[in-house]
Amino acid sequence: MCESCGCGNEHSYLISFPGKKNSVHEKSKLKLSKPDLKSNSLKINQNKRNTSQLETREIKLETDLLHANNLIAHQNRLYFDLNSITTLNLMSSPGSGKTSLLESSLKYLLPDRRVFVIEGDQQTQNDAIRIQNAGAKAVQINTGNGCHLDALMIKKALKQLKIKKQSFLFIENVGNLVCPALFDLGEQKRVLLISVTEGDDKPLKYPNMFQAADICLINKIDLLPYVDFDIQKVKEYASRINQNIEFIEVSVKTEVGIEEWINWLDNLIQKS
Amino acid sequence: MHELMIAQNIIDEVSKSAKKELATKVLSIQLMIGKLSGIEIEALKFSLEIASKGTCMENAMVDIIIKNGLAFCRNCNTIFQIEKFYDSCPSCKQYSFQIKEGKELKISSICIQ
């Protein structure tokens, strides 16, 4: 049950500001009807055809199945371009260090640059509170049972966040190396974060995510002496899947590599 | 998990088109899904079954064409079938290629009355 308004709709997501009681409870478009267990199951390529005398017509559609999401993502992208908002979609497994990376980045980015953050998690405002404490305005999306952010959630969050022109917007996606790769949010670049404690065969195990990413940050390199992680192997595997993917090795803990990351971000503004 | 959302998108798009064509019923839909699209076909079939109840797509047949992955090797210009993103070119064993087919995720057509 939703703590905010008590509704029991498990297909809703929540957009809120950290520490504030009022929040916007958005209902997802998805509706479920109760399955009728006695009815026929869906036939795939069955031979029986409808013998009605009504005219039967075939209509060519060629419609992308993620059409609805892509349309809204396109609207988001236009909004970002018109307002010179450099938007990054930050994705990783849970615990790779996305929020810590943002906290560390804010030390360098602020106060000279404007930074806004959209946080995505199933539950809690914990990450948005951390970002707020680090000095940036953040809004939290709680997806409930949802496993990824989508373009509509971002569009709704933007209405709450009121981002100024010529800003950075970081979207910290739900910790998940599978689903977020499929959903365009309207971002300029997709940033994939992995850490040296995760195993160097990650690219082979999660190829869709590595295919979708523009850059991969390898975090926690301060732990390399204590783990069996071959950085060259990771880069080689990832490059098989995505020949254009860039790499930056970082340690959020010791701040090694963070300046190189900030320079990469600043170069995005100059290119746009 | 998101196959249910995609099933709902399919039903919405089909319903819109059927309404536009003044159809009384959707008899069948034809989907094209690539092996590299990241979609789990069985989960999608199940989701369509559940989500189509009470809609114009209820009891419609669902034909799914599964597209194999096809890549073009930038190194030796070979076109080859690809199962996984990390496959190499069978001719020159290099990994520099462009995906030509296999990432499709679309409704090709619908059959209506």
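These legends describe close-up views of a predicted model.

**View 1. Overview of chain A.** Chain A contains 8 helices and 10 strands. Of its 272 residues, 50% are buried. Among the contacts in chain A with a separation of 6 or more, 70% are between residues 24 or more positions apart.

**View 2. Helices α1 and α2 of chain B where they pack together.** Helix α1 of chain B covers residues 3-20, and helix α2 of chain B covers residues 41-51. Their axes are 8 Å apart and meet at an angle of about 55°. This angle makes α1(B) oblique to α2(B). The crossing of α1(B) past α2(B) is right-handed. From α1(B), the residues in the contact are B:Glu3, B:Leu4, B:Ile6, B:Ala7, B:Ile10 and B:Ile11. From α2(B), they are B:Ala43, B:Leu44, B:Ser47, B:Leu48 and B:Ala51. Sorted by class, the contact of α1(B) with α2(B) has 9 nonpolar residues, 1 polar residue and 1 charged residue.

**View 3. Helices α2 and α3 of chain A side by side.** The axes of α2(A) and α3(A), the latter formed by residues 126-133, come within 9 Å and cross at roughly 10°. The two helices, α2(A) and α3(A), are therefore roughly parallel to each other, because an angle under 35 degrees counts as roughly parallel. On the side of α2(A), the contact involves A:Thr99, A:Ser100, A:Leu102, A:Glu103 and A:Leu106. On the side of α3(A), it involves A:Asp127, A:Arg130 and A:Ile131. By class, the contact of α2(A) with α3(A) has 3 nonpolar, 2 polar and 3 charged residues.

View 4. A:Asn76 sits in helix α1 of chain A, which spans residues 67-82. Its relative accessibility is 2%, so A:Asn76 counts as buried; the cut-off for buried is under 20%. Neighbours within four places in sequence are left aside here, and the contacts of A:Asn76 are then A:Ala151, A:Ile154, A:Lys155, A:Leu158, A:Leu185 and A:Gly186.

**View 5. The aromatic pair A:Trp261 and A:Trp264.** Over all chains, the whole structure has 4 aromatic pairs. In the pair of A:Trp261 and A:Trp264, the ring centres are 5.8 Å apart and the planes are at 15°, so the pair is stacked. Both residues belong to helix α8 of chain A, residues 258-271. A:Trp261 and A:Trp264 are 3 residues apart, about one turn of the helix. Both A:Trp261 and A:Trp264 are buried.

View 6. The peptide bond that runs from A:Leu110 to A:Pro111 is cis, and its omega is near 0°. A:Pro111 is in the loop of chain A between α2 (98-109) and β5 (114-121).

**View 7. A:Gln166, a residue with positive phi.** A:Gln166 is not a glycine, yet its phi is positive, near 55°. The loop that holds A:Gln166 runs between α4 (151-161) and β7 (167-172) of chain A. With a relative accessible area of 58%, A:Gln166 is exposed.

**View 8. B:Leu22, with positive phi in a loop of chain B.** The phi of B:Leu22 is about 60°, a positive value although B:Leu22 is not a glycine. B:Leu22 lies in the loop between α1 and β1 (26-34) of chain B. The relative accessible area of B:Leu22 is 74%, so this residue is exposed.

Note on methods: Residues numbered from 1 in each chain as written. Chains lettered and ligands numbered in written order. Predicted model: local features only at pLDDT ≥ 70, side-chain atom pairs only at ≥ 80, totals over all residues. Heavy atoms only, no water. Axes fitted to C-alpha atoms, helices over the stretch in contact; angles between N-to-C directions. Helix = DSSP H or I, 4+ residues; strand = E, 2+ residues; numbered from the N terminus. Parallel < 35°, antiparallel > 145°, perpendicular 65-115°, else oblique. Left-handed = near helix turned anticlockwise from the far one by under 90°. Contact = heavy atoms within 4.5 Å. Nonpolar A, V, L, I, M, F, W, Y, C, P; charged D, E, K, R; others polar. Buried < 20%, exposed > 50% of the residue type's maximum accessible area, 1.4 Å probe, protein only. Phe/Tyr/Trp six-rings, centres within 6.5 Å; stacked < 30°, edge-to-face > 60°.
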